[in-house]
Amino acid sequence: MKKIIITIDGYSSCGKSTLAKQLARELDYTYIDSGAMYRAITLYFIQNRIDWNNHDEVREALDNIELEFEYNPITQASEMHLNGENVELMIREMLVAEKVSEVAAVKEVREFAVAQQQKMGEQKGIVMDGRDIGTTVFPDAELKIFMTADTAIRVERRFKELYARNKNISIHEVKENLELRDYIDTNREISPLRKAEDAIILDNSQLTPDDQLRLVMQWVEDALMVQSS
Ligand code: CDP
Ligand code: CDP
């Protein structure tokens, strides 16, 4: 059967990566977490005190960044490696979350990440989630999903995840970060977060992960049928 590209864009913490991983497993496709790339670049900039408002400094720094997804058989997930180091846990910390949207708004950073993402899709058979995947990275993707969920539900979902790892985190802090990132991501100049015209909206506020998978697998079957007809 022909392979397709599935894009999942949407607001923070609505379940994009959960859905993307489910689909990749069902279809035996590769899952690519584009947000992890922006998070890893941000981590590098923080660690190396790069001023991301200085274009020359950014260009030079990007020349020294190598990003790789590596499969970890223990967690059964692909994990982000930055210059050979596994940074999967570090990039999820608040320190990175607080700065990532500023860094992701920088032109050179976006060009760097988008070029690599497009390369990963050359053979199709991928599910990629992010903010601009259906609009900029793969405007011709066969199936585009735009995800959303009520803000209170998204905050609760992300808080639960972070609290499991760090009991010092407050729900207020998580809410503020999520709203700030959504604001910056939606209002930035280059590739802002928006629904591609041909994307299907999925509001999963009241759906369990199993519900959402069942629903979306019907859309996948339709997209595959169009491909093979
Ligand atoms: O998991 P969560 O939805 O919180 O965020 P993420 O997917 O890990 O993305 C982190 C940040 O990277 C977002 O808030 C955006 O600022 C940026 N991002 C982006 O600009 N474009 C993408 N395709 C993916 C992420
Ligand atoms: O990738 P994104 O930031 O959009 O969200 P995620 O990391 O996939 O999901 C955030 C949290 O919401 C995870 O803990 C998921 O298990 C949970 N979730 C849920 O409770 N119900 C859903 N229908 C989807 C995700």
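1. The model is predicted, and local features need pLDDT of at least 70, side-chain atom pairs count only at pLDDT 80 or more, and totals for chains, interfaces and linings use all residues. Residues are numbered from 1 along each chain as its sequence is written, while chains are lettered from A and ligands numbered from 1 in the order in which they are written.

2. The protein contains nine helices and eight strands, these being DSSP runs numbered from the N terminus (helices H or I, at least four residues; strands E, at least two). Its radius of gyration is 17 Å, close to the 17 Å that the globule rule gives for 229 residues, so the protein is as compact as a globular protein of that length; the radius is taken over C-alpha atoms, and the rule is 2.2 Å times the number of residues to the power 0.38.

3. The axes of helix H2 (residues 34–47) and helix H4 (residues 94–104) come within 8 Å and cross at roughly 105°, the axes being lines fitted to C-alpha atoms over the stretch in contact, with angles running from 0 to 180 degrees between N-to-C directions. That makes H2 roughly perpendicular to H4, a term for angles of 65 to 115 degrees.

4. Around ligand 2 there are 16 residues, of which the closest are Gly15, Lys16, Ser17, Thr18 and Arg157; a residue counts as near if its C-beta atom, placed from the backbone, lies within 6 Å. Helix H1 (16–27), helix H7 (151–165) and helix H9 (209–228) each supply at least two residues of this shell.

Methods. Angles under 35 degrees count as roughly parallel, over 145 as roughly antiparallel, 65 to 115 as roughly perpendicular and the rest as oblique.
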